[in-house]
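We will go from strand pairing to the whole chain, and then to a single residue.

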Amino acid sequence: MTYLRKTLTAAMIIATSALTSAISVNAAEPTATMTLSVTNIDPDQGQIMVALFDSQAAYQSETPTRDSVVKVDSPSVTIDFHDLPLGDYAFKLFHDDNGNGELDTDFMGIPSESYYFSNDASDPFSAPEWAEAKFILRSGKTRHVVDLSD
Ligand SMILES: [Ca+2]
């Protein structure tokens, strides 16, 4: 009885330490770099403002995991997000062409500056749902081309 218990305990310690080392090997989780190439920015002034979301809850509560503001001085800009954990994301951006930090709208509430949701998602009456805009970020490098000419 005593011998069996000691043997079992030793086996459990070995199993536990094997598990611990397996976890520490995985500690450096794979990440990804996401590049946004924003093209056909017109007029080539102001700034591009991007918000990146990593969950539906974050998307709906407008709580970006990353954001970026890039000055526009040519019709195209490139924005990189490094070291992103893999998973589902959605982003939205707009061209703040008058540089006031806001998406301007007309008297009907319709945006008067260019904007874009990931997947080119759109909804005629409001912002598109997470399900429409989300994409899966895999390891390595991902590039999204955002054509603002539309
Ligand atoms: Ca603006």
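Two strands count as paired if DSSP finds at least two bridges between them. In this predicted model, strand S1 (residues 31-39) is joined to S4 by 7 bridges, and the two run antiparallel. Within that pairing, Val38 sits opposite Val77 of S4.

Both strands belong to an open sheet of 3 strands, ordered S4-S1-S8, in which the pairing is mixed. Which strands stand at the edges? They are S4 and S8, and because each has a single partner strand, one side of each is left without a neighbour in the sheet. On average, neighbouring strands of this sheet are turned by 20° against each other, direction ignored.

| Strand | Residues |
|---|---|
| S1 | 31-39 |
| S4 | 77-85 |
| S7 | 135-137 |
| S8 | 140-147 |

Now for the chain as a whole. The protein chain has 3 helices and 8 strands, and along the sequence they follow the pattern α-β-β-α-β-β-β-β-α-β-β. Of its 150 residues, 20% count as buried. Among contacts between residues at least 6 apart in sequence, 68% join residues at least 24 apart.

Finally, take a look at Ile136, which lies in strand S7. Is Ile136 buried or exposed? Ile136 is exposed, because it has 9 other C-beta atoms within 10 Å, and a residue counts as exposed at 12 or fewer. Ile136 and Ala90 are 46 residues apart in sequence, while their C-alpha atoms are 8.8 Å apart in space.

Conventions: Residues are numbered from 1 along each chain as its sequence is written. This is a predicted model: local features need pLDDT of at least 70, side-chain atom pairs count only at pLDDT 80 or more; totals for chains, interfaces and linings use all residues. Helices (H or I, at least four residues) and strands (E, at least two) are DSSP runs, numbered from the N terminus. Axes are lines fitted to C-alpha atoms, for helices over the stretch in contact, and angles run from 0 to 180 degrees between N-to-C directions. Two residues are in contact if their C-beta atoms, placed from the backbone, lie within 7 Å.
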